[in-house]
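Please report on the local architecture of this protein chain.

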Amino acid sequence: MVTKFFPRANSLPLTIISSTHFSLFPNSSLSIISLTSTAATQAITPKSHLYGPSLLKGRIPFQNSQSQLDPKPIEEQVIDEEKFSRVFDIAALRVPAKNCFALESRLRGHLLNWPRIRNIARVPGDEVEEELVSLLDDSKNGNGDEEGKLDALNQMIYGRVERGGEELIPVLYREKLVKEFNYRGFVKFKNLAKISRPPKRKRKKEEGEEKMRGKCRKKGFSVVEVVEEEEEDWKGLLGDKFKGRKKWRGSTRLLLLDERYADKGVEDLPQAIQVALQEAMEENPTSSFELIKCKLTLFYDYWQMNEVLEALLPEGVIIPSSFEIIGHIAHLNLRDEHLPYKNLIAKVVLDKNKPKIQTVVNKIDAIHNDYRTLPLEVLAGNHSLVTMVVESGLRFHVDLATVYWNSRLANERQRLLNGFTRNDVVCDVFAGVGPIALSAAKIVKRVYANDLNPYAVDYLERNSVLNKLERKIQVFNMDGRRFIKAMLSSEKAQTITQVVMNLPNDAAEYLDAFRGIFKDNHKRREFTLPMIHVYGFSKARDPEFDFHERIRIALTEVAVDVEMHKVRLVAPGKWMLCASFRLPESVAYAYTM
């Protein structure tokens with residue numbers, strides 16, 4: 001028969017060897033388990049150099065599974081999760097629960113060391129209270145008083161002794177009648193209205209298999225099954241037929257041994273394991289240990305995203321390994337070779353990142369509009385692109401269909417904010433929904449935020465109220481060049497100390513708006529010109545020099561002292577950079593027509 005054990009946290013199942021019963025794998029046969037069909041399981045040709053769990057090892061347990069996992073490039077392709085179930089043969093030690101943690105520390109180097117697989121497992125229905133275990137302990141009084149102890153045990157459990165005694169209490173009597181129910185009805189019932197309902201009939205074998213399969217999936221991503229001797233009845237571990245020390249007394253645990261011991265016997269085990277078991281027997285002569293054979297089944301939920309994609313995609317196709325997370329949305333940038341399998345990839349990404357990820361989208365084209373909105377295609381999950389992003393302790397409402405957001409710039413935004421002080425006044429020319437403007441409002445004295453996109457301005461105002469920063473930020477909706485001239489030509493110009501221009505594709509072209517911006521004002525020594533932080537892209541061999549030259553051309557000024565910072569590599573050969581410099585007096589007070 002097969003007994004199922006569900007692994008517990010930080011543990012793996014163990015099997016047992018008793019001082020009187022230290023056996024090799026007995027002649028055992030595995031009956032049809034609820035997870036498998038009557039047909040033989042299909043084997044996967046393993047690679048000898050692989051250690052640990054792999055889809056290239058083990059056996060596929062389900063009848064309708066296919067050994068070939070290569071999908072066809074069709075949009076209607078559906079993932080068959082049963083194809084990703086694998087059965088592995090392992091060895092285990094079954095030990096008393098009170099000894100399991102001590103043995104685990106001694107045998108730690110010889111236990112199964114697979115990712116996310118626990119190394120101690122409880123045995124379902126095996127938990128026994130200490131009072132009951134003490135009644136079964138005959139180490140002190142011998143076996144002569146065995147009948148009396150069983151009578152006392154029956155008295156505690158059933159309320160009476162089987163060979164006579166006082167009448168059972170009504171509750172226990174009804175439970176006894178339920179067990180005696182047959183097609184003729186109840187035998188010797190007192191009150192039919194109070195009798196419990198009989199147990200439900202057993203379902204068909206196919207229905208039972210489906211039920212157990214679903215139950216195992218709900219319990220977790222792995223199940224341990226023990227292959228036991230046919231003549232052993234594990235249902236009666238503590239039953240009336242308990243005799244001698246070969247029957248288990250009390251709670252037990254399973255310790256899974258390393259996979260290299262799967263086919264080895266007691267004599268082949270390392271000396272360290274044998275010594276540890278002998279020491280445990282000397283400490284407690286009544287302890288029992290047994291070496292048994294187990295089956296470890298890993299389901300679809302166990303495998304990582306890259307392992308599933310590697311099995312699904314054809315050989316030679318690069319496995320997509322990264323994506324951007326925006327709230328509950330996973331943003332992919334799939335290559336052309338991935339497009340025939342985009343729905344499969346999205347389904348795997350959704351399955352392996354639930355419940356955090358609820359929507360998977362793919363960028364289908366570059367940004368070609370003035371509002372910087374991304375052309376996205378929803379591949380899996382719900383179709384809502386409205387989400388909430390938490391960054392730097394602030395909450396941002398975002399609609400990816402109408403506004404722009406890039407979570408990968410979070411570190412760059414934080415680097416920029418670290419240079420601001422409480423005396424600064426920030427002017428954000430391309431603010432979007434406010435990732436820089438609102439974060440700066442927590443630090444600086446005042447923030448002026450602008451964006452051309454009316455949807456972004458609407459979300460910027462909402463987010464400022466949501467984060468209770470509406471008193472420190474003033475929002476504008478106009479063109480960037482017009483906004484620069486309007487702000488620096490007003491009375492606010494003398495207070496502005498920082499100007500942020502985060503529009504990498506076009507920001508450098510707006511620098512000409514600073515030329516001659518203060519030509520109508522008299523030079524004052526106490527007046528400090530603002531720091532400008534402008535972002536841009538470069539595909540040149542020397543991106544820093546190339547971006548510096550574009551800044552000089554836009555300002556029509558040769559002597560510009562620029563501090564250059566490489567933000568990130570957005571594509572092969574394409575860098576995003578940030579140039580920070582003090583607005584030169586020769587530019588700010590230049591005479592223009």
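## Sheet, helix and backbone notes

Four strands form an open sheet in the order 9-10-11-12, with mixed pairing. The edges belong to strand 9 (324-326) and strand 12 (376-381). Each has a single partner strand, so one side of each is left without a neighbour in the sheet. From one strand to the next, the twist averages 30 degrees. The model is predicted.

Strand 11 (residues 359-363) runs antiparallel to strand 12, and five bridges pair them. Within this pairing, Asn362 stands opposite Glu377 in strand 12. Helix 8 (residues 342-352) packs on the sheet. Helix 8 touches strand 10 (329-332), strand 11 and strand 12. The direction of helix 8 makes about 55 degrees with that of strand 12.

The loop between helix 8 and strand 11 holds Pro355. The peptide bond from Lys354 to Pro355 is cis, and its omega is near -5 degrees.

Now to helix 6. How far apart are the end C-alpha atoms of helix 6? They are 18 Å apart. Helix 6 (residues 271-283) has 13 residues, and at 1.5 Å a residue these should span 18 Å, so the two values agree.

Which residues of helix 6 are buried? They are Ile273, Gln274, Ala276, Leu277, Ala280 and Met281. These residues cover an arc of only 165 degrees around the axis, which puts them on the same side of helix 6. The buried residues pack against strand 4 (86-96) and helix 1 (100-106). Gln271, Glu282 and Glu283 are exposed, and they sit on the face of helix 6 turned away from its buried side.

Ser392 has a positive phi although it is not a glycine. Thr556 likewise has a positive phi without being a glycine. The table sets out their values.

| Residue | Phi | Loop | Relative accessibility |
|---|---|---|---|
| Ser392 | about 55 degrees | between strand 13 (386-391) and strand 14 (394-399) | 36% |
| Thr556 | about 50 degrees | between helix 13 (543-555) and strand 20 (563-571) | 48% |

Are these residues buried, exposed or in between? Buried means under 20% relative accessible area and exposed means over 50%. Ser392, at 36%, therefore counts as partly exposed. Thr556, at 48%, counts as partly exposed too.

Notes
Residues are numbered from 1 along each chain as its sequence is written. This is a predicted model: local features need pLDDT of at least 70, side-chain atom pairs count only at pLDDT 80 or more; totals for chains, interfaces and linings use all residues. Side-chain values use heavy atoms; hydrogens and water are left out. Helices (H or I, at least four residues) and strands (E, at least two) are DSSP runs, numbered from the N terminus. The expected span of a helix is 1.5 Å times one less than its number of residues. Buried means under 20% relative accessible area, exposed over 50%, partly exposed in between (1.4 Å probe, protein chains only). The arc is that of the directions from the helix axis to the C-beta atoms. Contact means heavy atoms within 4.5 Å. Two strands pair if DSSP finds at least two bridges between them. Axes are lines fitted to C-alpha atoms, for helices over the stretch in contact, and angles run from 0 to 180 degrees between N-to-C directions.
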